[in-house]
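Here's a quick tour for anyone meeting this structure for the first time. Have a look at it, then read on for some charged pairs and a helix packing.

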Amino acid sequence: MLLIISQSKKIARSISETFHIMSILSYAATPHEALSEISDLYHAVLIINPESFPDINDYVNRIRSYKSDIPIFAKLEDSAPTYYSDIFDGCFEKTTFTPALAEKIINHANEKNDAMIGEYYLAGFDASSRTVGVYYFYTKLNLTKTEAMILRFLIRSYPTPQKADAILKYAFKPTRAPEPSSIRTHLSLINKKLEESIGRKLIGFESGRGYIILTPKRLKK
């Protein structure tokens with residue numbers, strides 16, 4: 001999962017939607033929000049226009065104090081100062097953000113830092129962004145784009161159960177998020193399709209904790 005940070009929440013959300021279209025989980029945050037948002041859910045950070053930060057070196061150090069091994073990248077509108085190479089794991093210069101630039105960032109993060117952005121595998125599920133559709137072993141599942149994103153988030157957050165509000169926050173575009181009550185319907189439909197395709201439901205609910213993928217290990221517990 002990718003954390004996108006910008007002084008402008010509107011810009012961060014726009015970039016997050018680009019990744020969403022590419023079937024990649026991401027979340028948009030302001031610099032202040034990001035400091036409380038950073039967690040093990042995230043495999044990489046992308047900072048937009050770091051030149052607009054009062055002290056970008058101090059800010060990056062603060063992020064790394066929460067998660068020291070996370071790769072941090074920068075998207076700039078102008079040429080990167082030479083000292084940015086000591087701050088960021090990679091810098092990308094372009095005035096506009098495009099799917100091609102997003103792909104370049106993903107490839108760099110995965111090849112250089114093993115960030116695993118866009119890779120969603122768990123107990124037979126393959127919902128990776130480079131896979132056409134979602135599979136359970138060799139069976140292709142007839143999931144909608146929304147259902148696939150929900151499944152990706154449950155894969156990414158496993159083994160922690162997730163409540164409806166967290167699924168809304170991370171699996172949906174902010175401008176398209178439905179009511180929390182609809183999450184139960186979405187997950188029921190996923191289970192119905194799983195039952196039709198492979199003969200069993202694999203999304204469970206733990207009272208007071210939330211939804212979780214029923215891996216063999218979880219079923220045994």
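This is a predicted model: local features need pLDDT of at least 70, side-chain atom pairs count only at pLDDT 80 or more; totals for chains, interfaces and linings use all residues.

In total, the structure holds 8 salt bridges.

**More on the salt bridges**

- Lysine 9 is partly exposed, at 22% relative accessible area, and glutamate 33 is partly exposed too, at 30%.
- Arginine 130 pairs up with glutamate 103 in a salt bridge, the closest N and O atoms being 3.0 Å apart.
- Arginine 130 is in the loop between β7 (125–126) and β8 (134–136) and glutamate 103 is in helix α4 (residues 99–113), so their pairing ties together parts 27 residues apart in sequence.
- Arginine 130 counts as exposed at 57% relative accessibility, while glutamate 103 is partly exposed at 27%.
- Arginine 218 and glutamate 206 meet in a salt bridge as well, at 2.8 Å from N to O.
- Arginine 218 is buried, with a relative accessible area of 15%, whereas glutamate 206 is partly exposed at 22%.

**How two helices pack**

- Helix α5 (residues 145–157) and helix α7 (residues 181–198) pack at about 90°, their axes 10 Å apart.
- That angle makes α5 roughly perpendicular to α7.
- The contact of α5 with α7 has 5 nonpolar, 2 polar and 2 charged residues.

Methods:
Residues are numbered from 1 along each chain as its sequence is written. Side-chain values use heavy atoms; hydrogens and water are left out. Axes are lines fitted to C-alpha atoms, for helices over the stretch in contact, and angles run from 0 to 180 degrees between N-to-C directions. Helices (H or I, at least four residues) and strands (E, at least two) are DSSP runs, numbered from the N terminus. Angles under 35 degrees count as roughly parallel, over 145 as roughly antiparallel, 65 to 115 as roughly perpendicular and the rest as oblique. Ala, Val, Leu, Ile, Met, Phe, Trp, Tyr, Cys and Pro count as nonpolar, Asp, Glu, Lys and Arg as charged, and the others, Gly among them, as polar. A salt bridge is a side-chain nitrogen of Lys or Arg within 4 Å of a carboxyl oxygen of Asp or Glu. Buried means under 20% relative accessible area, exposed over 50%, partly exposed in between (1.4 Å probe, protein chains only).
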